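Hi,

Here is the structure I said I'd pass along.

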Amino acid sequence: MTSLQRPEFWPDTEVPYFLYTMRSSPHLRTGSGWIKEVFEHRDTTCPCDQCRQSGQPNTIWWDIHVETATNLIFDETEANKCSVRLFYDREYSPLGVLSNSIRVYNADFETDWCTLSCTTCDRGVSSKLKKMRETYVSARNRIRNRYTETRDVDKLMFIVSHPHGGSKQVSVGRWTKKYKRGDLNMFTYTTSTCPGSSGAPVFCLGFGRMLHCGTLVSGLGYSSF
């Protein structure tokens, strides 16, 4: 479902906003995102659909925060109709989907960031995600320290996405320009992407992580701030 609240233009521009002309349509689209955090809750009833319909709901459950682009999931209307596929590393990867109790935890239309809150009481899913997060944080810190001094010379970057709704792909390339807004950075780049890459994490080595937002008329990709 495409929300009726989508604006006609991007902020302070006359550039048409994504899917404005398709508001209220059941248009199916795919995109990318990444797991930002996994929070454990105890001694409260799990709010997932299965537990709400159960006479013995779980009292240990997890709130999974998924970051993506606002142009992909604009508001609560769209979040309620979306599903999140996990661990889609290969075409034959087991199907793991979160599709109930998904809501917008936080969103910023101007910077094109959206954080979704997804609920699960599956201990196996939460444990696997936590371990993957720990591995990511360790690698992130090592890479940042290694490339900080040469980041404006090397201009190395990569994007992890699910183009066309398919399995995970990693695109490696270089960024071309950097734009600053206070302490935040936005980048343009020649690194290859396809439809379905909106919301994918963009890693500019030595700087950190942004999100892929789309492609300019020039053919360059661009990130969020």
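This is a predicted model: local features need pLDDT of at least 70, side-chain atom pairs count only at pLDDT 80 or more; totals for chains, interfaces and linings use all residues.

How many aromatic pairs does the count come to? The answer is 10 aromatic pairs, where rings of Phe, Tyr and Trp (its six-membered ring) pair if their centres lie within 6.5 Å, and planes under 30 degrees apart count as stacked, over 60 as edge-to-face and the rest as tilted. One of them is F74 with F109, edge-to-face at 5.9 Å centre to centre and 75° between the planes. That pair links distant parts of the chain, 35 residues apart. F74 is buried at 14% relative accessible area, while F109 is partly exposed at 26% (buried is under 20%, exposed over 50%, partly exposed in between, with a 1.4 Å probe and protein chains only).

Residues are numbered from 1 along each chain as its sequence is written, and side-chain values use heavy atoms, leaving out hydrogens and water.

Another edge-to-face pair is F187 with F207, centres 5.0 Å apart and planes at 65°. F187 and F207 are both buried. The charged end of R151 also sits over the F207 ring, 4.1 Å from its centre (NZ of Lys or CZ of Arg within 6 Å of the ring centre and within 35 degrees of the ring normal). Likewise, K155 has its charged end over the ring of W175, 5.0 Å from the centre. K155 also has a positive phi, near 55°, without being a glycine.

Cheers

Terms used. Helices (H or I, at least four residues) and strands (E, at least two) are DSSP runs, numbered from the N terminus.
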